[in-house]
Amino acid sequence: MKKAILEKSLDYMQFQNLIILTFCFVITLLAMLYSLDFGSYILIECFLFLFSLLFIAILFTKKGLIIIDENLYSGIFLFGKPIYKKLIPIIGFDCISIVTGKLSTNYAYSYKIDVFHKWEPDLNVSIKSFKICMIEENQKKIKKIITLTDSKKVKIAVDFIIENSTLKYVELY
């Protein structure tokens, strides 16, 4: 098994929201432990503890690529160990390419209503993204492999795919 761990699996807003949720769960758990009798709400305390651990583990997950027996997988890693993998069939594809774009949050819900748009701040956050795609030779079929936000990690991912599979790199534009 060969693996390339690339970048964290959560974007900035997901990471921020999960930290807030984890903080709320931990504070609620601590408040229950110190203010109530330990045995009175043991089920709720266990629930809060387990979900807090789960949320903390999700904060440390990273996404990457895995090669097992010449099959390409996209995967989620926790402390370097794959916890989830999804097969990406490369049969029928000849090359890979990088498509650049922007990942953006969708907080622009008030642009249709002029009254709200005048006083509401612009909360949209957009970052440059790189989508690594597999392409047929005649460019009729395109399939996404992984989306990354760091250009250095894109080079690592492309080199990893080229070394461990039959795909070649081509530039589309």
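Analyst: A salt bridge here is a side-chain nitrogen of Lys or Arg within 4 Å of a carboxyl oxygen of Asp or Glu. The structure above is a predicted model.

User: How many salt bridges does the structure hold?

Analyst: Side chains of opposite charge can pair when their charged atoms come close. In this structure there are two salt bridges. One of them joins the side chains of E7 and K63, with 4.0 Å from N to O. This pair ties together distant parts of the chain, since E7 belongs to strand β1 (residues 2–8) and K63 to strand β2, 56 residues apart.

User: Are E7 and K63 buried or exposed?

Analyst: The cut-off for buried is under 20% relative accessible area. E7 has 11% relative accessibility and therefore counts as buried. K63, with a relative accessible area of 19%, is buried too.

User: Which residues is K63 in contact with, leaving aside its neighbours within four places in sequence?

Analyst: The contacts of K63 include I5, L6, E7, K8 and S9. Also on the list are G75, I76 and F77, together with I146, T147 and L148.

User: Let us turn to the strands. In what sense do β2 and β3 pair?

Analyst: Strands of a sheet pair through backbone hydrogen bonds, either parallel or antiparallel. Here strand β2 (residues 61–68) pairs with β3 in the antiparallel sense, over eight bridges. Within that pairing, Y73 of β3 is the bridge partner of I66. The hairpin of β2 and β3 has two residues between the strands, and D69 there takes a positive phi near 50°.

User: How many bridges join β3 to β4?

Analyst: Seven bridges connect β3 with strand β4 (residues 81–88), and the two run antiparallel. Y73 stands opposite L87 in β4. Y73 can therefore be followed in both pairings, with I66 as its bridge partner and L87 opposite it in β4, because strands pair through backbone hydrogen bonds. The hairpin of β3 and β4 also has two residues between the strands, and F79 in its turn shows a positive phi of about 55°.

User: How many residues of β3 are buried?

Analyst: In a regular strand the side chains alternate between the two faces of the sheet. Strand β3 (residues 71–78) is mostly covered, with six of its eight residues buried.

User: What is the strand order of the open sheet with mixed pairing?

Analyst: That sheet has four strands, in the order β7-β6-β5-β8. Its edge strands, β7 (142–148) and β8 (168–169), each pair on one side only. Strand β6 (residues 126–135) pairs with β7 in the antiparallel sense over six bridges, and I132 stands opposite I146 in β7.

User: Where does UniProt place the feature "transmembrane region"?

Analyst: The unreviewed UniProt entry gives it at residues 12–34 and 40–60. In the model, residues 12–34 are 100% helix and 0% strand, with the end C-alpha atoms 33 Å apart. Residues 40–60 are 86% helix and 0% strand, and their end C-alpha atoms also lie 33 Å apart.

User: Which residues form the nonpolar patch on the surface?

Analyst: The patch consists of F23, I27, L30, L33 and Y34, which together have about 550 Å² of accessible area. I27 is located in helix α1 (residues 12–35). Its relative accessibility is 41%, so I27 counts as partly exposed.

User: In what order do the elements of the protein run?

Analyst: From the N terminus on, the order is β-α-α-β-β-β-β-α-β-β-α-β, with four helices and eight strands in the protein. Of its 173 residues, 32% count as buried. The protein exposes about 11,800 Å², and carbon and sulfur atoms supply 62% of that area. Among contacts between residues at least 6 apart in sequence, 57% join residues at least 24 apart.

How values were computed
Residues numbered from 1 in each chain as written. Predicted model: local features only at pLDDT ≥ 70, side-chain atom pairs only at ≥ 80, totals over all residues. Heavy atoms only, no water. Buried < 20%, exposed > 50% of the residue type's maximum accessible area, 1.4 Å probe, protein only. Pairing = 2+ DSSP bridges. Patch = residues over 30% accessible without salt bridge, like charges linked within 9 Å, V, L, I, M, F, W, Y side chains within 5 Å. Areas by Shrake-Rupley, 256 points an atom, 1.4 Å probe, with all protein chains shown as cover. UniProt positions renumbered as here; feature names shortened; annotations may be inferred. Contact = heavy atoms within 4.5 Å.
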